[in-house]
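Visitor: I have a protein open here and would like to talk through its fold. Could you put it up on the screen?

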Amino acid sequence: MNSLSVTLPRRPLTLLVGLVALFVAMLGPASSAFAACAGTASVPTTASAAQGATLCLVNDERRSRGLSPLRSNGVLATAAERHARDMAAKHYFAHNSQDGRSFLDRIKAAGYVRGARSWTVGENLAWGSGDRAAPGRIVTEWMNSPGHRANILSAKYKEIGFGMATAGAGGSLPARTLYATEFGARR
């Protein structure tokens with residue numbers, strides 16, 4: 001039996017601004033990950049560095065709760081990268097593409113579920129400007145959002161793929177870094 005996990009935000013992800021002490025206090029278990037995961041507080045300059053830091057932080061959250069770490073999956077990353085670039089190019093932020101495709105449609109088109117007897121998938125999106133686009137800030141916001149947190153801490157997911165794109169100001173959005181994260185498991 002196939003399953004589908006959908007996490008839709010009620011509003012665009014807003015990133016908290018405040019004192020460093022307040023920010024560190026909000027991190028909870030992730031605060032120890034900043035020391036262990038390189039590049040978590042840095043403004044993203046390359047997708048690969050930000051993706052590595054984000055994976056490290058996500059897996060630290062999972063390990064701190066006794067969950068297995070997620071493995072990087074190139075097919076999920078392809079689906080995520082395509083969506084992040086599409087959102088950046090067309091100046092929107094949504095789980096559904098402007099042509100109406102859902103994250104499930106995009107993951108299927110990338111070939112992730114092809115040949116699987118069963119599978120489950122999910123998606124987290126985020127965006128931030130300046131230092132609010134740093135992987136540590138993004139993961140903190142996901143962990144403070146029940147739906148995004150549920151995806152990160154779900155034992156049913158075994159694999160993950162990240163996509164990231166930078167977009168200039170346009171539409172109703174300021175200049176920003178967009179994150180698309182696809183979760184999955186298949187048998």
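Visitor: What share of the residues of the protein counts as buried?

Guide: This is a predicted model, and in it 50% of the 187 residues of the protein count as buried.

Visitor: OK, and how many helices and strands are there?

Guide: The protein has seven helices and four strands, and from the N terminus on the elements run α-α-α-β-α-α-β-α-α-β-β.

Visitor: In which order do the strands sit in the sheet?

Guide: The four strands form an open sheet in the order β1-β3-β4-β2, with mixed pairing. Its edge strands are β1 (71-72) and β2, each of which pairs on one side only.

Visitor: What about β2 and β4, parallel or antiparallel?

Guide: Those two strands, β2 and β4, pair in the antiparallel sense over ten bridges, and Asn-124 stands opposite Thr-181 in β4.

Visitor: Which strands does α4 touch?

Guide: Helix α4 packs on the sheet and touches β1, β2, β3 (159-167) and β4, while its direction makes about 20° with that of β3. Helix α5 also packs on the sheet, where it touches β2 and β4, and its direction makes about 115° with that of β2.

Visitor: Let's stay with α5 then. Which of its residues are buried?

Guide: In α5, which spans residues 103-110, the buried ones are Phe-103, Leu-104, Arg-106 and Ile-107. They lie on the same side of α5, because the arc they cover around the axis is only 165°.

Visitor: And what do those buried residues pack against?

Guide: The buried residues of α5 pack against α4 (74-90), β2 (119-128) and β4 (176-186).

Visitor: Which residue takes a positive phi just after α5?

Guide: That is Gly-111, whose phi is about 100°.

Visitor: Switching topic: how do α3 and α6 pack, angle and distance?

Guide: Helix α3 (residues 47-63) packs with helix α6 (residues 135-143) at an angle of about 35°, and their axes are 9 Å apart. The crossing in which α3 passes α6 is right-handed.

Visitor: Which residues meet there?

Guide: From α3, Ala-50, Ala-53, Thr-54, Leu-57, Val-58 and Glu-61 take part, and they meet Pro-135, Gly-136, Val-139, Trp-142 and Met-143 in α6. Sorted by class, this contact of α3 with α6 has eight nonpolar, two polar and one charged residues.

Terms used
Residues numbered from 1 in each chain as written. Predicted model: local features only at pLDDT ≥ 70, side-chain atom pairs only at ≥ 80, totals over all residues. Heavy atoms only, no water. Buried < 20%, exposed > 50% of the residue type's maximum accessible area, 1.4 Å probe, protein only. Arc of directions from axis to C-beta. Contact = heavy atoms within 4.5 Å. Pairing = 2+ DSSP bridges. Axes fitted to C-alpha atoms, helices over the stretch in contact; angles between N-to-C directions. Left-handed = near helix turned anticlockwise from the far one by under 90°. Nonpolar A, V, L, I, M, F, W, Y, C, P; charged D, E, K, R; others polar.
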